[in-house]
Amino acid sequence: MKIVGVAACTAGIAHTYLAKEKLIKGAESLGHQIRVETQGTIGVEEELTADEIKSAELVIIAADVNINGKDRFSDKPVVKVPTHVVIKSPKNLIKNAEKQMRQNQ
Amino acid sequence: MNVGAELKKHLLTGISYMIPLIVAAGICIALGQIIGGPDVADNEGSIAYYINQIGGWGMSLVVPLFTAAIALSIADRPGLAPGLIIGFISNEIETGFIGGIVGGLLVGYFVLFLKKKLKMPQSMQGLMPVMIIPVLATVVCGLIMILLIGRPVAGLQNALLEFLSSMQGGSRFFVGGIMGAMASFDFGGPVNKTLSLFADGLLVEGVYGPQAVKFIGSMVPPFGIALSFLITRYKYTKMEKEALKAAFPMGICMITEGVIPIAARDLIRVVSSCSIGSAVGGGLAMVWNVGSPVPHGGMFVVPLMENPVFFVISLLIGSTVTGGMLSLWKPAVTAEDELENLEEEEEEEEDDIGEFDLTRGVQ
């Protein structure tokens, strides 16, 4: 499955990047393809492209604050959680989201 | 999403916009005072005077920016302009930071309400964002702030400031202790952020003590655990040793989160030891009138603090308490623990990840 993600936290220096790493690690170990954009205090890094968003089957937003560019995901299946959830158990989150996606089908 | 989580998200967004501004302004004020001495504000024309002045002007923008960012988070771009004005008003009527929170929420939800409910004929749609929303929101929210919210909030704010400045000896230690324990309790989580909000708000009002306590609470956990590791290496697993290699330098930069993996294996002992050590350090810092005019920066900004030597002593004592407690209290690592850790790395715990829903688009 192709996944895209956005990570953002309050101070924008620590949790954001921890969440990104954990998401990538978790998704890859489950055999998914993933790209994660970070919105730290430094600004947007590794911005998701329109193509990536278009071909993604799942959007994971790990944020404690309001993120920019929400309208990019307007017709996508989105999972939105605080950063600590992703940092603690990225794999469970992804598995759980998959389960919900199957149920919705 | 429930109301509390929603409000928290907007407040945190406000704080995230505000942090770099307070850091820039706070460091300018502190630098000016270090170069120009305590009476820098009287020496007009010197470079130190100007640096100090830049910081002072910068600080006066903190509440307006914070208010505007909360409104922006709630109502998107139309919230920004009225939010700035209401934030400025909050400064003027002396409701400060608390007024900024109230004002930001007020503007944000009022603008959101206007966006949804106010219907204009097609030909006049263009007027909504450039004229109708900003003018209506500013007039209505401005008057509410001044006439209704101003007095009670200003009273609350002043009572708090008076309470903090009137404290002596024992009560200073007690309050510092509670703040220290809060700052360290969840290693950068919600309890820590609540204390941060409180300390940042007081910083804007020129009360620097709680800010220093926040520093101590954020740095005691990594330093204390590192100390305990040096005393009793056999009580830490290989994985914890690796985690500590990252957690200690992060601690110097005042990022506490690095210790989370170490706390996770032994939650009660680590959290209690860190909270008690931070409480002792925080209490001492308050008693010794340590203050930080800067909200972030770890060991690098210690020279800018008030009574920096006592800051370092408080930090050392706090870390020693934490380290000593841990070394005495933690059991030695057994072969099973090492194994367990490896497994955990492989297969993460079936933790409760809380409730979340798959939605179409972002709500």
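How many salt bridges are there between chain A and chain B? The count is zero, even though a search over all chains of this predicted model finds eight salt bridges in the whole structure. Let's look at what the two chains do share, and then at how chain A is built.

**The contact between the chains**

- Chain A brings 35 residues to the contact, and chain B brings 30 residues.
- Together the two chains bury about 2800 Å², with 57% of that area on carbon and sulfur atoms.
- Two residue pairs are in polar contact between chain A and chain B, both at pLDDT 80 or more.
- On the side of chain A that touches chain B, the elements giving two or more residues are helix H1 (15-29), strand E4 (58-63), strand E5 (77-81), helix H3 (83-88) and helix H4 (90-104).
- H4(A) gives the most to this side, with nine residues.
- Sorted by class, the side of chain A that touches chain B holds 18 nonpolar, ten polar and seven charged residues.

**A strand pairing across the chains**

- One of the elements at the contact, E5(A), pairs with strand E1 (residues 358-360) of chain B.
- The pairing of E5(A) with E1(B) runs in the antiparallel sense over three bridges.

**The build of chain A**

- Chain A has four helices and five strands, and along the sequence they follow the pattern β-α-β-β-α-β-β-α-α.
- The radius of gyration of chain A is 13 Å, close to the 13 Å given by the globule rule for 105 residues, so chain A is as compact as a globular protein of that length.
- The C-alpha trace of chain A spans about 40 × 30 × 20 Å along its principal axes.

**A salt bridge within chain A**

- Arg35(A) and Glu52(A) form a salt bridge, and their closest N and O atoms are 2.8 Å apart.
- Arg35(A) sits in strand E2 (residues 33-40) and Glu52(A) in helix H2 (residues 50-55), both of chain A, so the pair ties together parts that are 17 residues apart in sequence.

Note on methods
Residues are numbered from 1 along each chain as its sequence is written. Chains are lettered from A and ligands numbered from 1 in the order in which they are written. This is a predicted model: local features need pLDDT of at least 70, side-chain atom pairs count only at pLDDT 80 or more; totals for chains, interfaces and linings use all residues. Side-chain values use heavy atoms; hydrogens and water are left out. Contact means heavy atoms within 4.5 Å. Buried area is the accessible area (1.4 Å probe) that two parts lose on being put together, summed over both. A salt bridge is a side-chain nitrogen of Lys or Arg within 4 Å of a carboxyl oxygen of Asp or Glu. A polar contact is a pair of N or O atoms within 3.5 Å; within protein, one must be able to donate a hydrogen and the other to accept it, and residues adjacent in sequence count only if both atoms are side-chain atoms. Ala, Val, Leu, Ile, Met, Phe, Trp, Tyr, Cys and Pro count as nonpolar, Asp, Glu, Lys and Arg as charged, and the others, Gly among them, as polar. Two strands pair if DSSP finds at least two bridges between them. The radius of gyration is taken over C-alpha atoms; the globule rule is 2.2 Å times the number of residues to the power 0.38.
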